Amino acid sequence: MKRISYSICFCLLAVGLLLSGCSEGDGKAGKVLVIRGSNTIGEELAPRLIAEFKKENPKVDFDTEFKGTSYGLGALMVGKCDIAAASREVTANELALSPDLKMEFKDYVIGYYSVAVVVNPGNPVTNLTQAQVRDIFTGTIQNWKDVGGADAPIHLYIRNPVSGTYLGFQELAMEKKPYGLQPKALMSYGEIVKEVAKDAGGIGYASIDPAQQAGAKAVAIDGITPAAATVNQSKYPYSRVLRLYTNKAVETPDAGKFTQFVQSPRGQAILSEMGYVPK
């Protein structure tokens, strides 16, 4: 029992620290829909979804801030937002704490964030293990011959450090270790693909959508091809489920309407267009 109590106290302290920067108006009733949470969702996807939603719901205003999943869930738990954007499930500690805060998580799965590792089309390498990908991007492996390719140096192409994808790939593929080999940082997947397509020694990452990999070649990971089917079957390793959470007990009509829009065919089409995998 003491261990559980200490865990809950720790969570309460963490929530307080996370929300020290929240505005006083967060979570109040009205036509302002407050969203907090994951920068994986917030960087590019949320603004596009909000813009499309507002075309048919112009009276709904949004207040958004994306500092990470834990920040969003903490805000939701203490009534400081209407929706928490999350790139992970709620933890056991968050679930244990929620009854004391008189809240119940309502989980809306909206799709998947996933990345494909891409190489130059002339590269003979067609498959890499997760360990090899980790070691390539951290700089432990620096020559293609060490993974079945030509005797040539490896050149890394990655997203800019300000991008949520920069951190996302570190978490998914690199065990959160730092990038190595003085990589060339670019502002979009499209730019990465263009550079890899021109560089015989290049490797980078992009959306798993083949249309967005034009000019480069996606490699299998541990024999699993990056594709919507393998992501939905939870086989492809470089993916994570994206969710929107509300407090079921006090979910506002606008919060429900927005989450339903994101799950609708139109919302799912937007995810697909932006390189995410629909649910």
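Strand 4 (residues 105–114) and strand 12 (residues 239–247) run antiparallel and are joined by nine bridges. Here Ser114 stands opposite Ser239 in strand 12. The model is a predicted one, in which local features need pLDDT of at least 70 and side-chain atom pairs count only at pLDDT 80 or more, while totals for chains, interfaces and linings use all residues. Residues are numbered from 1 along each chain as its sequence is written, and side-chain values use heavy atoms, with hydrogens and water left out.

Strands (E, at least two residues) and helices (H or I, at least four) are DSSP runs, numbered from the N terminus. Two strands pair if DSSP finds at least two bridges between them. Six strands make up an open sheet with mixed pairing, in the order 2-1-3-12-4-13. Its edges are strand 2 (61–65) and strand 13 (277–278), each of which pairs on one side only.

Helix 3 (residues 45–56) packs on this sheet and touches strand 1 (32–37), strand 2 and strand 12. Its direction makes about 175° with that of strand 2. Contact means heavy atoms within 4.5 Å; axes are lines fitted to C-alpha atoms, for helices over the stretch in contact, and angles run from 0 to 180 degrees between N-to-C directions.

Helix 3 also packs against helix 11 (residues 265–273), at an angle of about 145° and with the axes 10 Å apart. Residues in this contact include Arg48 and Glu52 of helix 3 and Arg266 and Ile270 of helix 11. By class, the contact has four nonpolar, one polar and six charged residues. Ala, Val, Leu, Ile, Met, Phe, Trp, Tyr, Cys and Pro count as nonpolar, Asp, Glu, Lys and Arg as charged, and the others, Gly among them, as polar.

Grid points are joined across faces, edges and corners, and a volume is the space filled by probe spheres set on the points. Two cavities of 30 Å³ or more are counted.

| Space | Volume | Helix giving the most to the lining |
|---|---|---|
| Largest cavity | about 60 Å³ | helix 3, three residues |
| Largest pocket | about 270 Å³ | helix 7, four residues |

The lining of the largest cavity has ten nonpolar, no polar and no charged residues, among them Leu49 and Ile50. The largest pocket is lined by 14 residues, and Asn39, Thr69, Ser87, Glu171 and Arg240 lie nearest its centre. That lining divides into one nonpolar, nine polar and four charged residues.

Key
1 Å grid on protein atoms, 1.4 Å probe; cavity = no way out; pocket = protein on both sides within 12 Å on 5 of 7 lines; lining within 4 Å.
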